There are 2 protein chains.
Amino acid sequence: MKLKVKTLKFSAGRPVAILHKKFAENSSIHVDERIFIEKGKNKIAAIVDVGKSFLDENEIALSSEIIILMKLKQGDNVNVEIAPKPESLMLIQKKLFGKKLNEKEINLIISDIVKNKLTEAEIAYFISAIYKSGMVMKEIMHMTKAIVNTGNKLNLKGKIVDKHSIGGIPGRTTPIVVSICSAAGLLMPKTSSRAITSPSGTADAMEVLCRVDFNVSELKKIIKKTNACIVWGGSLNIAPADDKIIHVEKLLNLDPKPQLIASIMAKKISVNAKYLLIEIPYGKNAKVSKRQAKVLEKDFKILAKNFGIKVKCFLNKSNEPIGNGVGPVLEIFDVIKVLKRKDKCYKLEDKSLELSGKIFELCGKAKKGKGKEMARRILDSGAAFKKFREIVKAQKGKIREYKPAKYKKDIYAENKTIKEIKTKEINNLARTAGCPLDKRAGVYLYKHAGDKIKKREKILTIYAESKIELREAVKYYRKVKPVRFK
Amino acid sequence: MKLKVKTLKFSAGRPVAILHKKFAENSSIHVDERIFIEKGKNKIAAIVDVGKSFLDENEIALSSEIIILMKLKQGDNVNVEIAPKPESLMLIQKKLFGKKLNEKEINLIISDIVKNKLTEAEIAYFISAIYKSGMVMKEIMHMTKAIVNTGNKLNLKGKIVDKHSIGGIPGRTTPIVVSICSAAGLLMPKTSSRAITSPSGTADAMEVLCRVDFNVSELKKIIKKTNACIVWGGSLNIAPADDKIIHVEKLLNLDPKPQLIASIMAKKISVNAKYLLIEIPYGKNAKVSKRQAKVLEKDFKILAKNFGIKVKCFLNKSNEPIGNGVGPVLEIFDVIKVLKRKDKCYKLEDKSLELSGKIFELCGKAKKGKGKEMARRILDSGAAFKKFREIVKAQKGKIREYKPAKYKKDIYAENKTIKEIKTKEINNLARTAGCPLDKRAGVYLYKHAGDKIKKREKILTIYAESKIELREAVKYYRKVKPVRFK
């Protein structure tokens, strides 16, 4: 069935096609069903809406997600056909019923996710199925491979190092570590995801200063220039399945273990990393317990070995936000502070040096026990900051001051010592205030656990872009009390 | 924030609001977030799309789901505000993590579903959570009450009887049973849902002959006239939460037990049923095993007692489709055949008489063991068919002949005896052919298990509205072979 494209310029967060009511009825296509849109070699699955007044019967209005992907313009002819119910649905059901999936079955699910054949609700079922039934190591390997193979690869050569932190603790070590390592001559093409369970991912924070969305050929130029990059993996179409899955996981802040492991490893394989440091913070306020951290370490080792990557896991007890800022703009403040060697942000500095040192030792750049020292020398010399500026410049940005969000609320101490700052609750607070979408929103901590303070001294500020969000955030703060006093 | 309504006449299957890109950016509202639309006392949550060319900055385009619910017209002013992330999300997460929910928490989730505050993906998580973690009887009671209280009630008086079949076996007994019971003077206001795991629900099948979508006051007139009705529960806003949940369950043909029980019971409470017969087919080709059927029976008894309903569960082994037709039009063919006393459709007739008889015995209309006899007398006398015509007429319809779908494929016998007809696979076949949305699609069985047949005799016909669907259905038939020969 041929239809004429009408470019209405709307975006729906997913590929949506609006058909004329009459046409839909005559073709027995219904709202919320899937159709294939085809032009030349391009074919994409879209969800059907039905419209009337603004369309002719032979027209189809497509959301910008489709227009851009298929490079369509007003008046183009496209072919439309009913998409059969994807076979992968039966496989998701199978997993939800507790059965194992084989390589072919996992490939089909992942490829249907990438090709947009599954709706968000169906992806939610897949995530729940993994969450409920788990996956054995073989399934995780298949999933890792499937995620790699449905996306682009960087095909870089050289001593490529990489790091990953299992989220949960705010504070951006990555930009600091990348700057130190690449200043030392290592190749560190860092692709990050946006926030999942935290109020800001590395990509969200870097986007404050520069672009993070590049295609593969642009990225190669950046890496050639600077030995490094700090970008968002999504725009590279590296592991695109993962981005779609994470989008749905975010709704409920879920992150089932098999998907977490496969997702991390797939990204490292796609950039051809040879040495990989994985930081796993554990403890009451982190994402995992010590026992879970050890299980993760074991799983990562098996998986990495299978894919020829030398891996080290760095387990550490972590109890509160590492920096002062929580939220994209507020976190990047901290990063610049550490790199500039001016104001102090001790915890963030120390953690970054430790991670960089471990990478040096892992790839043989420094002797065992000497890595952190080497990292400190590079940071103190200003070479790391110089490298960071180069990276930001290569990514079409500039280091400058940013203001936090319009509306703010200061919170004052209730007593003289802070006993605990609850990470999960501070994260939720920053998210309630609008993070990560509102980059200037978030929480700024003036004090940390153990600090002596004066009664009624300011301990933190909440920032939000709208009055409603600020009100909700303050309400949340009062309800859950993320800061406990002695 | 005030915006002017633009009625674009599009429907998205969920409430969608398209905002101008500039306005959205300035208000820090993003695609896929939720906003509240408010006018007078009406307030509804919608999902945000963002558009440009066809909207002014101060305009908002609303999907017909919102336009109709809020009775809006072009140029109306509405108030728009950002909807905070619903609290119920945290509760869904809690359930997914295996914790119990209390009454207040279940009320909040159900009321957020009804108020449209949750997206389909979020509802999918809730269904998965129930599926994964189950619910204790107390939770099921709370959920039943919540589903009743968020919807309309019929408030009828009298000896109200009702029946329910736990789906899975095609063949429509309900229209026949309602006709027999109401012909005997009982009050039987039957509300049905549309298909969940089968290719056609009672409402889908009745809709072939007459309207099934009425509001409560229209319905009361129908019942006053005929003592009965056979309508779709959805349009009555009886147990609306249930309809929304079922819509998402359908994607994966799921039907977790706690939701199944609460949903059935809620609908019966809402129509004030006093006597309730629940048919539970079990066996290899039914939805549940014998053991599961007995557990269901126990649960239903506890729940019904709690709500003052006299219940009888009728467990029977059921191995293949009861009628010949599978699909809305094809199933209603069978119903009319039985009521007219012309062509025979033995199994469907016998099952309908058995169910009607049990209802007579349950409410004291017939003595124990004498119900079925009484039912047969009413059917044979023509009183049931007369009553059915009255009901169809009161529901603004007429009994007439319908043709099945355009495209068809006959399937021939491979051998002389049919050993088994697999119900689940026949259901999937009919769904692949386009059921329940394409009413004339489906499967027509000429033979049943045990029947002697000639080699190459026609055993069934597949009907579909499009060549693609027919091709997919035939492919499915050849792959799974739903009919096994000796």
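The model is a predicted one, in which local features need pLDDT of at least 70 and side-chain atom pairs count only at pLDDT 80 or more, while totals for chains, interfaces and linings use all residues. Residues are numbered from 1 along each chain as its sequence is written, chains are lettered from A and ligands numbered from 1 in the order in which they are written, and side-chain values use heavy atoms, with hydrogens and water left out.

**The interface**

If you select by contact, meaning heavy atoms within 4.5 Å, you will find 58 residues from chain A and 58 residues from chain B.

Next, look for polar contacts, each a pair of N or O atoms within 3.5 Å; within protein, one atom must be able to donate a hydrogen and the other to accept it, and residues adjacent in sequence count only if both atoms are side-chain atoms. Between chain A and chain B, seven residue pairs are in polar contact, with both residues at pLDDT 80 or more. The elements giving two or more residues to the side of chain A that touches chain B include strand 5 (42–51), helix 3 (88–96) and helix 18 (467–480) of chain A. Helix 5 of chain A gives the most to this side, with nine residues.

Two salt bridges cross the interface of chain A and chain B. One to display is the salt bridge of A:Glu87 with B:Lys479, where the closest N and O atoms are 3.8 Å apart.

Strand 5 of chain A pairs in the antiparallel sense with strand 2 (residues 10–11) of chain B, over two bridges. Select A:Val50 to find its bridge partner in strand 2 of chain B, which is B:Ser11.

**The symmetry axis**

How do the two chains relate? With copies superposed by least squares on the C-alpha atoms of residues with pLDDT of at least 70 in both, chain A can be laid on chain B with an RMSD of 0.0 Å by a turn of 180 degrees and a shift of 0.0 Å along the axis. The two copies are thus related as by a two-fold rotation axis. To place this axis in the view, select A:Ala121, whose C-alpha is the nearest to it in chain A, at 1.8 Å. The same surface serves both copies, as 100% of the contact residues of chain A recur in chain B.

**Inside chain A**

Turn now to an open sheet of four strands in chain A, with the order 13-16-17-14 and antiparallel pairing. Strand 13 (325–326) and strand 14 (407–412) of chain A stand at the edges, each with a single partner strand, so one side of each is left without a neighbour in the sheet. Strand 13 of chain A is joined by two bridges to strand 16 (residues 442–445) of chain A, and the two run antiparallel. Here the bridge partner of A:Val326 is A:Val443 in strand 16.

Then select A:Glu390 and A:Lys387, whose side chains meet in a salt bridge (3.4 Å, N to O). Both lie in helix 16 (residues 383–394) of chain A, three residues apart, about one turn of the helix.

A further stop is the cis peptide bond that joins A:Cys435 and A:Pro436, with omega about -5 degrees. A:Pro436 sits in the loop between helix 17 (423–432) and strand 16 of chain A.

**Inside chain B**

Finally, select B:Asn227, whose phi is near 70 degrees, a positive value in a residue other than glycine. B:Asn227 belongs to the loop between helix 9 (216–226) and strand 10 (228–232) of chain B.

Terms used:
Salt bridge = Lys/Arg side-chain N within 4 Å of Asp/Glu carboxyl O. Pairing = 2+ DSSP bridges.
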